[in-house]
Amino acid sequence: MSEGLDFYIHYILDRHNLGHLQLLCNRGYLENNHIRIEFPYKNRSCRRCGNCKGERIAEYRAKQGAGWPTVFVGDGYSDACAAREADVLFAKNDLEEYCQREKIRYNVYTGFSEIAARMIELGLLVET
Ligand SMILES: [Zn+2]
């Protein structure tokens, strides 16, 4: 999920053979040399975000039911709502500062190998 726009995120995912992943983000359309942006995800209560990642996590949790922990990886202020909602949080940069200020528990990371190692420790990922 992202606060970004679908067309460049799809481009990046496709370049890494990850185009099959579900993407929850805003939509951008090039029209007459301008970008028109649509916000297809309606936020129930958040007025801060265009696509509230915290609300998307809550919706996912409600759909999947208990027993499916949510893991969120973020680095910016647009991840603030998700930081409060995720069961397991990985934070760096601006999000890490936000979590320290708001006293939200998180795991530090610099790259995805650390995230994978921590998820294995937590029993959320099986090592192959
Ligand atoms: Zn929000």
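Helices (H or I, at least four residues) and strands (E, at least two) are taken here as DSSP runs, numbered from the N terminus. The structure is a predicted model, in which local features need pLDDT of at least 70 and side-chain atom pairs count only at pLDDT 80 or more, while totals for chains, interfaces and linings use all residues. Residues are numbered from 1 along each chain as its sequence is written, and side-chain values use heavy atoms, with hydrogens and water left out.

**Nonpolar surface patch**

- Phe7, Tyr8, Tyr11, Ile12, Leu30, Ile35, Ile37 and Phe39 make a nonpolar surface patch of about 820 Å²; patches consist of residues with over 30% relative accessible area and no salt bridge, with like charges joined within 9 Å and nonpolar side chains (Val, Leu, Ile, Met, Phe, Trp, Tyr) within 5 Å.
- A salt bridge, in that rule, is a side-chain nitrogen of Lys or Arg within 4 Å of a carboxyl oxygen of Asp or Glu.
- Helix H1 (6-15) and strand E2 (34-38) each supply at least two residues of the patch, and the largest share, four residues, comes from H1.

- Tyr8 lies in helix H1 and is partly exposed, with a relative accessible area of 39%, where buried means under 20%, exposed over 50% and partly exposed in between (1.4 Å probe, protein chains only).
- Leu13 is also found in helix H1, but Leu13 is buried, at a relative accessible area of 17%.
- The C-alpha atoms of Leu13 and Ala62, which are 49 residues apart along the chain, are separated by 27 Å.

**Largest pocket**

- The largest pocket has a volume of about 1,400 Å³; on a 1 Å grid over the protein atoms alone, a pocket is an open set of points where a 1.4 Å probe fits, with protein on both sides within 12 Å along at least five of seven lines, and lining residues have an atom within 4 Å of a point.
- Its lining comprises 32 residues, of which Met1, Gln22, Val71, Phe72 and Val73 lie nearest the centre of the pocket.
- H1, helix H2 (53-64), strand E3 (71-74) and helix H5 (112-121) each supply at least two lining residues, with the largest share, six residues, coming from H2.

**Positive phi values**

- Asn93, found in helix H4 (residues 93-102), has a phi near 55°, a positive value in a residue other than glycine, and is partly exposed at 45% relative accessibility.
- Lys103, in the loop between H4 and strand E5 (107-108), has a phi near 60°, again a positive value in a residue other than glycine, and is exposed, with a relative accessible area of 74%.

Key:
Accessible areas come from the Shrake-Rupley method with a 1.4 Å probe; for residues, only the protein chains shown count as cover. Grid points are joined across faces, edges and corners, and a volume is the space filled by probe spheres set on the points.
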